[in-house]
Amino acid sequence: MTQISRITLARFISGKPSPEDFRLEHVDPPALKEGQFRVANRFVSADPGTRSRLSGSDSYAGALKIGDPIDGFGVGHVMESLHPDYPVGQLVTLGSGWANQAISNGRGYCAKLPDLDVPLSAWIGVLGVPGMTAWFGLTRIGQIKAGDRVLVTSAAGPVGATAGQLARAWGASQVVGVASAGAKSDWLKSEAGFDAVIDYNSPHFLEELAQAMPEGVDILFDNVGNAMINSILRLMRPFGRIVVSGQVADYSVPLSQRPGITNTDRFITHRLKMEGLVVFDDLRAFPAAQAEAAAMLQSGQLKLKEVISDGVESLPAAFCALFQPGAEFGRRLARL
Ligand SMILES: NC(=O)c1ccc[n+]([C@@H]2O[C@H](COP(=O)([O-])OP(=O)(O)OC[C@H]3O[C@@H](n4cnc5c(N)ncnc54)[C@H](OP(=O)(O)O)[C@@H]3O)[C@@H](O)[C@H]2O)c1
C-alpha cells in the first residue's frame, strides 16, 4: 500500500504564514475498519479560512495542535472500501486534509459525485465549498433579487468571483468588485462580467468606490474583514444586507488587535442587516445548487479560474500566496 504523504503544522503561526510553518510527512497507512473507505485524492485545495486554526488560539472551527494534519478539501476515487455504499472506483469529494489519501466513513463533509460533465477539480471549486459559499451567501443571507446593486470584496478569489458571476446571472443591476489592480481586475471585467473593479490599495479607495456605485450598495458580500466592512457601511442603501463570508485581512491578526466596526449608526438609519455564514449549514441544499451551478459552468455563465501546482508538498506555498495581495489568482489546488 502506498504511504500517506501529508502536511502537518510544524509550529504555531503569528502574522502571515510561511512555508516553514508546515512539515511534509510520510507515514504508513492504517488498516481500514468496518464501515470505512480509503480515497486516493486527485486534487486538494488550499483555503484561506484554514489560517484561523493555525495560531494555537481557538477559532470557530477549533485550533489545530502542533503535528496535526492541515485541512483541505479533496476530490478523488475510492481505492479500498469496507463500506457498502462506497465501492472501489466511486468518485467522491470530502474534507480530506492536505494528503494524497484520506480515510472516511461517509459522514461529515463527504459526497459521491453525480454524473455531471464538469472538470473533476470543479468539485472543490465552483461546485464545492467556495462556490456554495457564494451561492448561499447571496441567496439565504443576501436575499438577492433582480435589480440589486452588489459589491463583492476579494472579488477575484474563488468565492468572490463566483458571487459576482451569480449576482450578474440572477439579475443584479450592478456588480462591482474590490480587488488588487492589474490582471485580477482585468479578468473580472473582461471574463467574469463585473461592471467595475476598485483597488483597495488606492489612497482614494472610498471615493473611487462611491463614484462607481453612486446609488449605493444593496448587498455587500464581504470576504475581507472588519475594516473593509466599516469603511463600506457609509455606502449601504436602505434595507441593505451584509454577508459576512470571510475575514482574510483579519485571520493573521490577533483577536485583541483586530479593527472594530464603528459606523453602526448606519444600521439604524438605513435598517441594515449583517449576518455571518457557515456554508455547512446549507449542506442538504448543496446537490440542487451544484446541479444548477454545473449547468452554468457548462454554458459558460460561470468561469473556472484555477492555479494548479503539483504534489502535496506544493500546498504550503499555495496557501501562503493567498495572503500576498496581488499574487497569481484562482482557486489554489494541488494535483496529486
Ligand atoms: N463562511 C463560510 O462558510 C466560508 C466558506 C469558505 C470560504 N470562506 C471565506 O471566503 C473568503 C474567500 O475565500 P477564497 O477561497 O475565495 O479566498 P480568496 O478571496 O482568494 O483569498 C485570497 C485573496 O484575498 C485577498 N487578500 C489577502 N490579504 C488581503 C488583505 N489584507 N486585504 C484585502 N484582501 C486581501 C487577496 O486578493 P487581492 O490580491 O485582490 O488583494 C488574495 O488573493 C475567505 O475569507 C474564506 O475564509 C467562508
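A: Helix 7 supplies four residues to the lining of the second largest pocket, the largest share. This is a predicted model, so local features need pLDDT of at least 70 and side-chain atom pairs pLDDT 80 or more, while totals for chains, interfaces and linings use all residues. Numbering runs from 1 along each chain as its sequence is written, and side-chain values use heavy atoms, without hydrogens or water.

The second largest pocket holds about 220 Å³ of space. Its lining has 16 residues, and A111, L283, F286, P287 and Q290 are the closest to its centre. Strand 7 (110-112) and helix 7 are the elements that give two or more residues to this lining. (Helices, H or I of at least four residues, and strands, E of at least two, are DSSP runs numbered from the N terminus.) On a 1 Å grid over the protein atoms alone, a pocket is an open set with protein on both sides within 12 Å along at least five of seven lines, a cavity is where a 1.4 Å probe fits but cannot get out, and lining residues have an atom within 4 Å of a point. Volume is the space filled by probe spheres on points joined across faces, edges and corners.

As for cavities, the whole structure has one of 30 Å³ or more. Helix 2 (158-169) gives four of them, the largest share. Domain 1 (4-124 + 305-335) and domain 2 (129-280) each contribute at least three residues to this cavity lining.

Now the core. The largest nonpolar core has 51 residues, of which L127, M132, W135, L138, V150, L188 and F194 touch the most other members. Among the elements giving two or more residues are strand 4 (73-81), helix 1 (129-141), helix 3 (183-190) and helix 7 (286-299). Helix 1 gives the most, seven residues. Because both domain 1 and domain 2 give residues to this core, it lies between them. Such a core joins buried Ala, Val, Leu, Ile, Met, Phe, Trp, Tyr and Cys through side-chain atoms within 4.5 Å, buried being under 20% relative accessible area with a 1.4 Å probe, protein chains only.

Zooming in, L138 touches residues including I144, V150, L166, W170 and F221, not counting those up to four places away in sequence; contact means heavy atoms within 4.5 Å. Apart from this core lies another, of 22 residues, among them F205, M213, L220 and V244.

Notes
Buried means under 20% relative accessible area, exposed over 50%, partly exposed in between (1.4 Å probe, protein chains only). Domain bounds come from an automatic or database domain assignment.
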